[in-house]
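Reader: I would like to learn how to read a fold step by step. Could you walk me through one?

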Amino acid sequence: QVNSLTLNFEEGQEVTASISAMSRKAHNAEATYSPRREEQSVSELVNFKNTSTEDISPFMFSDGSIKIFGQQMARVKGGSLAIANNLTAQRFIGNYDRTITSAHIAGQRTYDLNLNLLITDRTIWDELRKQNETSDTDSTDELLELEFTKSNGEYIKFKFDNYLTTSVDIPFPEDKGA
């Protein structure tokens, strides 16, 4: 079971991910166990045989933009997305095998999205100043979308609604006028 997933992305770079998983059963490796069937080259592995260059190319993040409040407001330069399932491993009476976890109980799933933006429209400033913790973000105009693509046309798309903006740091340029 996947406990947490973190995606990191920068403009013009490949998307990197890290996954934290909880296993249901622990196995002791045999003395004769050999990883990858003693294959030294990745191209000799079973799941590599029927793949093309497009299939193994990474997902890229380029030309990011963000649409909030019904219009495109900023260019996304980079960021991270963390999804946590908050799983708890449970063992119950009657399970006498110490290597097996009886169940994984899911907690509240949380999403944490951090973005570095290049603001292109001042409307975002006005809209963020109007928002508070009780503002309604259920409309489709306030849907936040994040998409990563591959060269062969595959894509991953995340859509977020009903979100809460917790902080926005907007640096102001220095006044170097007379």
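Reader: Thanks! To begin, what share of the 178 residues of the protein count as buried?

Author: Please keep in mind that this is a predicted model. Of its 178 residues, 20% count as buried. The accessible surface comes to about 13,400 Å², with 48% of it supplied by carbon and sulfur atoms.

Reader: Which pattern does the protein follow along the sequence?

Author: Start with the inventory: the protein has two helices and 11 strands. Reading along the sequence gives β-β-β-α-β-β-β-β-β-β-α-β-β.

Reader: And what percentage of the contacts between residues at least 6 apart join residues at least 24 apart in sequence?

Author: That figure is 62% for the protein.

Reader: Now for strand pairing. In which sense do E1 and E6 pair, parallel or antiparallel?

Author: For any pair of strands, look at the direction and then at the bridges. E1 (residues 2-10) and E6 (residues 71-84) are antiparallel, with seven bridges between them. One place to look is Leu7, which stands opposite Leu81 in E6.

Reader: How many bridges join E6 to E9?

Author: There are 10 bridges between E6 and E9 (residues 110-119), and these strands also run antiparallel. Here you can pick out Gly79, whose bridge partner in E9 is Leu115.

Reader: Let me try a single residue. Is Ser80 buried or exposed, and why?

Author: Buried is the word for a residue under 20% relative accessible area. Ser80 has 18% relative accessibility, so this residue counts as buried. Ser80 lies in E6, and leaving out residues up to four places away in sequence, Ser80 touches Leu7, Asn8, Phe9, Asp112, Leu113 and Asn114.

Reader: How does Leu5 count, and why?

Author: Leu5 counts as partly exposed because its relative accessibility is 22%. You will find Leu5 in strand E1. Setting aside residues up to four places away in sequence, Leu5 touches Ala17, Ser18, Ile19, Leu81, Ala82 and Ile83.

Reader: How far apart in space are Leu5 and Ala21?

Author: Compare the separation along the chain with the distance in space. Leu5 and Ala21 are 16 residues apart in sequence, while their C-alpha atoms are 8.9 Å apart.

Reader: Where is the place of Asn28?

Author: Asn28 is in the loop between strand E3 (16-21) and helix H1 (53-56). With 77% relative accessibility, Asn28 counts as exposed. The C-alpha atoms of Asn28 and Thr99 are separated by 9.5 Å, although the two residues are 71 apart along the chain.

Reader: Last topic, pockets. About how much space lies in the largest pocket?

Author: The general idea is that rolling a probe the size of a water molecule over the atoms shows where empty space is left. In this model, the largest pocket holds about 840 Å³ of space.

Reader: Which elements give two or more residues to the lining of the largest pocket?

Author: They are strand E5 (64-68), E9 and helix H2 (123-130). E9 gives the most, with eight residues. The lining has 25 residues, and those nearest the pocket's centre are Leu113, Leu164, Thr165, Thr166 and Ser167.

Reader: What is the lining of the largest pocket by class?

Author: The lining has 16 nonpolar, six polar and three charged residues. As a link back to the residue view, Leu113, one of those nearest the centre, is also touched by the buried Ser80.

Key
Residues are numbered from 1 along each chain as its sequence is written. This is a predicted model: local features need pLDDT of at least 70, side-chain atom pairs count only at pLDDT 80 or more; totals for chains, interfaces and linings use all residues. Side-chain values use heavy atoms; hydrogens and water are left out. Helices (H or I, at least four residues) and strands (E, at least two) are DSSP runs, numbered from the N terminus. Buried means under 20% relative accessible area, exposed over 50%, partly exposed in between (1.4 Å probe, protein chains only). Contact means heavy atoms within 4.5 Å. Two strands pair if DSSP finds at least two bridges between them. On a 1 Å grid over the protein atoms alone, a cavity is a set of points where a 1.4 Å probe fits but cannot get out, and a pocket is an open set with protein on both sides within 12 Å along at least five of seven lines; lining residues have an atom within 4 Å of a point. Grid points are joined across faces, edges and corners, and a volume is the space filled by probe spheres set on the points. Ala, Val, Leu, Ile, Met, Phe, Trp, Tyr, Cys and Pro count as nonpolar, Asp, Glu, Lys and Arg as charged, and the others, Gly among them, as polar. Accessible areas come from the Shrake-Rupley method with a 1.4 Å probe; for residues, only the protein chains shown count as cover.
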